[in-house]
Structures are given as structure tokens and as C-alpha cells.
Amino acid sequence: MVSASLKQTLASYVGAENVMDAEADKHSYSYDAAVLDPVLPSVVVRPTEMEAVGKIVKLCNDNGLPLTVRGAGTNLSGGTIPSKGGVVLLTNALDKIIEINEEDMYAVVQTGTITAKFANAVAAKGLFYPPDPGSQAASTLGGNVAENAGGLRGLKYGVTKDYVMGVNFFDNEGNYCKSGSKTVKCVTGLNIPQLMVGSEGTLSVMSEFILKLVPPPQASKAMMAIFPDVMTASRSVSAIIAAKVVPCTLEFMDNFTIGAVEGFAKVGLPTDAGSLLLIEVDGHPAQVAEDAAKVEKICQDNGCVRLQVAKDAVERNKVWEARRAALSSLARLRPTTVLEDATVPRSKIPAMMEELAKIAKEFKLTIGTFGHAGDGNLHPTILCDRRDKEEFHRVEKGVDAIFAAALALDGTLSGEHGIGLAKSKYMEKETNRASVLFSKRIKAAVDPKNILNPGKILGE
């Protein structure tokens, strides 16, 4: 698909050592974290200077070559699978933190910057970048913006889109475009930065971001509330929010997940618990004390059998070590892990948990559920073996049923994982035909040759 002469041209842009077309290299970039069939690209390109990116995009557009941008490949919906082959553009060398402005509280960073590296650099300046996707140790800011990534702190602090002040990018013809501003307020022209957030590489190749920073909280308190069953924990979530308390983090685990985490991480979780909530409140010390007391009382009033408050940073870290180990703990139990992120209004969490139990029984599936209960973003995780065709057929039916249930409860297809290839077939069910066609017209206008990550979000 990509001729030898075009590969030579790419090499002139980035150096021969950064143009990879060996079979092993192509296989390495043919898949991401989604459970989908891999697709081999024709060539993988790794620019080390931003100027080369525009040239690569223009070359692809001029020659009708599909172009898929890839950061760390932690995507969970197939957004970085090169579904039409073509060129994969790696951003991991474009990782400069250009500016951290302490006075005006913003940062300018390149797309390939690792999320945790950036957050730590910001923290060293006495500031705070709240978005914290579970993959933050590996994921890049470009991927976070492309997927509108969330994380454990989304309930109180919002998700990636809430911190994007500006996006600079290359259009389909390789032209460098600027949008947004370093100012707190900016209403100049169309809101292009927010159009790029969540676009999954289908509208442009993003290069730099202006990101909002905030002051860090002065104090925090973490606690673990243990419940006899899923429903009492779910009701406690609704009661906490109804009491006008907004924790920094309000996470959930069912019994199956608790057992998996304790078996793997051994952090002292009660394996006999029906479910548990991991809760953290933060802010001014007086407010933290008041909110923590309210949360404790609400949990006790709603059937909590035991509540443990972290006494120090060591115990606090154990609480969050347990939550961050949920996916890896479940994944070790079976060869294939199908992680979803069906999201419902908080008040519908009990109903959604009931539906998940029904789906597991109907399709004979093993499902462990954890997630961001405070914002209704649940992660039902199906454990299976994809090599067993009969079992995986039941898994596919179960996934269909999970999204049907979420939509029936006024929920959404994705709280933070994006649409990609995995969920494009459901788009009309959440929106409608006119909405999908409107989005397709936007895509056709800015990318008439359909070279930018074709097939994602809207399908073919």
C-alpha cells in the first residue's frame, strides 16, 4: 500500500531509523488494548520533530494513504488500530513540556507527553492537573485528549475536556492550525479545541495543548466502606450525592473484584464483603472534616457494616493501590479480558447492577464490576477465552445487552473509553440517524479523502 519511494520520502522527513516496515514492527502496532482483530499497517513512522508531522500528513493526503496516530496504545475501544492499514504515526518522541506557567496556571505540552510525567512536573511547581486515567503511567496527553479520558477524580474535578484551553494541530493537508488561548476566557471563533477533544484522530493530527491547571487541595481524607451487598453500596452512592457532598473520588467494587484484587495485590481487602466503596474527600481542612463525617454517617445509615478511615498517607495509598489494581487483578484470571465502560445516571446504578447480574446469568458469563460509582461510570469486566468461539459469541451478545441496558436507563455508550471501532455500531441507538449524518458531514468537510483514522466513531 505504501510504495518503496514513499517510504524513502518518509525517511527523508524523520530519518531511516524512524521508518519501520519489518513484520515484527508492523505486528507491534497492529492492535491496542481493545479485544479486536489486529490490522497490520504498511509502515510505522516516528517523527522526532513536530515540523515533520505536517509533511507526513500532507504526503498521506496527497497519496490517499490512511493515517492512524498512536501514542501509547492503551486505547480500549480500538481507536488506534489501523483499520485500513496505511501509515501509523507514533507520537512518543514528541514529548516536550514546553511551559508550566505558575502565575496564570496553565501549561503548554506536546502530544506525546506521558500523563503521569506531566502531572508530576505540575505538582513539583505546586499546582494540580486533576485528570487521572487508570493508564496514566503509560498513556499520553494526546491520547487523553483524543479520547476525552476520565479517571478516578472525574466526579469532582471533571475529565480531560474540562482542562483543554487550546489545541494546535495539523489539518488533513498538513497545514499547522492554532485554536484556543492561554487566557481564562476566549470566545474567538468556533470552539475548535472542544471539537478536537474526543475526536479520536478523525479530524486532525494534534500537536500541542494548552492545559488548565488548578491549585492543589489543602487536605484530604480517604476511607473504605464495606457493605453486605451491591445494592446497599449503590444506594449509599446516591445518598452521598443527594446530601450535596461531592467527594474527590467515589469508587466501587463488587465481591468478585474484591477477591481478585486481594488475591493479587494483598492489600488487606475483606474478601467476604458483598461490595465496597473507596471514598476520598478533599479541600479545605475544615470542609474535609465536615464532609468525611457526613459520608461516614450516610454509609452507616445505608447498611455499611464497617468503615475504615486511612490514618496516614501509607494507609491512603493502600486504598488507592487496591482500586488501581482492579483491572490487572481481574485480567490474570482468564486469557481474555473485555473491559467496558457503560455509564448511567448515578441514581440508576442499582438498576444497572441488577441488569448486569441478569446478563451474566443469561449468557453464562463471568463478570466482575468496578468503577467510578460517583459519576455512574461502571466497568463491567467480562473474563473469558477468545479462542473459545462459542464462549466469545456469548460474550459479544452480553456486550450488546450491556449497552442496551445502559441506554434504556438513560445512560451512554462511553464514560471515558471512547467509541473507536468497538462501539461505532451503537451510535445511532444513543443519538439518532440525523446526528450521525451531521457528524459524518463534519468529517467529510475537514477530511474529504477520509485519510484520518478512517472507520472510527462513525463506522464506514
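Contact means heavy atoms within 4.5 Å of each other. Keep that rule at hand for this tour, which visits a predicted model.

**Before you start**

Residues count from 1 along each chain as its sequence is written, and side-chain values use heavy atoms, with hydrogens and water left out. Because the model is predicted, local features need pLDDT of at least 70 and side-chain atom pairs count only at pLDDT 80 or more, while totals for chains, interfaces and linings use all residues.

**The whole protein**

Show everything as a cartoon. You will find 16 helices and 16 strands; helices (H or I, at least four residues) and strands (E, at least two) are DSSP runs, numbered from the N terminus. Along its principal axes the C-alpha trace spans about 70 × 60 × 45 Å. The radius of gyration, taken over C-alpha atoms, is compared with a globule rule of 2.2 Å times the number of residues to the power 0.38. For 460 residues, a compact globule would come out near 23 Å, and the protein's 22 Å agrees.

Of the 460 residues, 55% are buried. Buried means under 20% relative accessible area, exposed means over 50%, and partly exposed is in between (1.4 Å probe, protein chains only).

**Stop 1**

Select residues 19-20, 43-45, 67-70 and 87-90. These strands form an open sheet in the order β1-β2-β4-β3, with mixed pairing. Two strands pair if DSSP finds at least two bridges between them. At the edges are β1 and β3, each pairing on one side only. Inside the sheet, β2 and β4 run parallel, joined by three bridges; look for Val43 opposite Val87.

**Stop 2: strand β7 and its partners**

Select residues 164-170. Are the residues of β7 mostly covered or mostly open? They are mostly covered: seven of seven are buried. On one pairing, six bridges join β7 to the antiparallel β9 (residues 205-212). On another, two bridges join β7 to β8 (residues 176-177), again antiparallel. Click on Phe169, which takes part in both pairings: Met206 stands opposite in β9, and Cys177 is its bridge partner in β8. Between β7 and β8 there are five residues, making a hairpin, and Gly174 in the turn has a positive phi of about 85°.

**Stop 3: the seven-stranded sheet**

Which order do the strands of the open seven-stranded sheet follow? It is β13-β10-β12-β11-β15-β16-β14, with antiparallel pairing. Select β13 (306-309) and β14 (336-339): each has a single partner strand, so one side of each is left without a neighbour in the sheet. Neighbouring strands here are turned by 15° against each other on average, direction ignored. Zoom in on β10 and β13, which run antiparallel with four bridges between them; Met224 has Gln308 as its bridge partner in β13.

Next, bring in two helices. α9 (residues 255-265) packs on the sheet, touching β11, β12, β15 and β16, and its direction makes about 95° with that of β11. α10 also packs on the sheet, touching β10, β12 and β13, with its direction at about 5° to that of β10.

**Stop 4: the nonpolar cores**

A nonpolar core is a set of buried Ala, Val, Leu, Ile, Met, Phe, Trp, Tyr and Cys residues joined through side-chain atoms within 4.5 Å. The largest has 54 residues, and those with the most contacts inside it are Leu277, Ile279, Cys299 and Met352. Its largest share, eight residues, comes from α14. Pick Cys299: beyond neighbours within four places in sequence, its contacts include Ala225, Phe227, Ile279 and Leu307. Apart from this core lies another, of 25 residues, including Val122, Val167, Val197 and Leu213.

**Stop 5: two single residues**

Select Gly398 in helix α14. Gly398 is buried, with a relative accessible area of 0%. Beyond its neighbours within four places in sequence, Gly398 is in contact with Ile359, Phe363 and Leu365.

Finish at Lys443 in helix α16 (residues 433-446). Is Lys443 buried or exposed? At 12% relative accessibility, Lys443 counts as buried. Leaving out neighbours within four places in sequence, Lys443 is in contact with Thr202, Leu203, Pro448, Asn450 and Leu452.

Methods:
Axes are lines fitted to C-alpha atoms, for helices over the stretch in contact, and angles run from 0 to 180 degrees between N-to-C directions.
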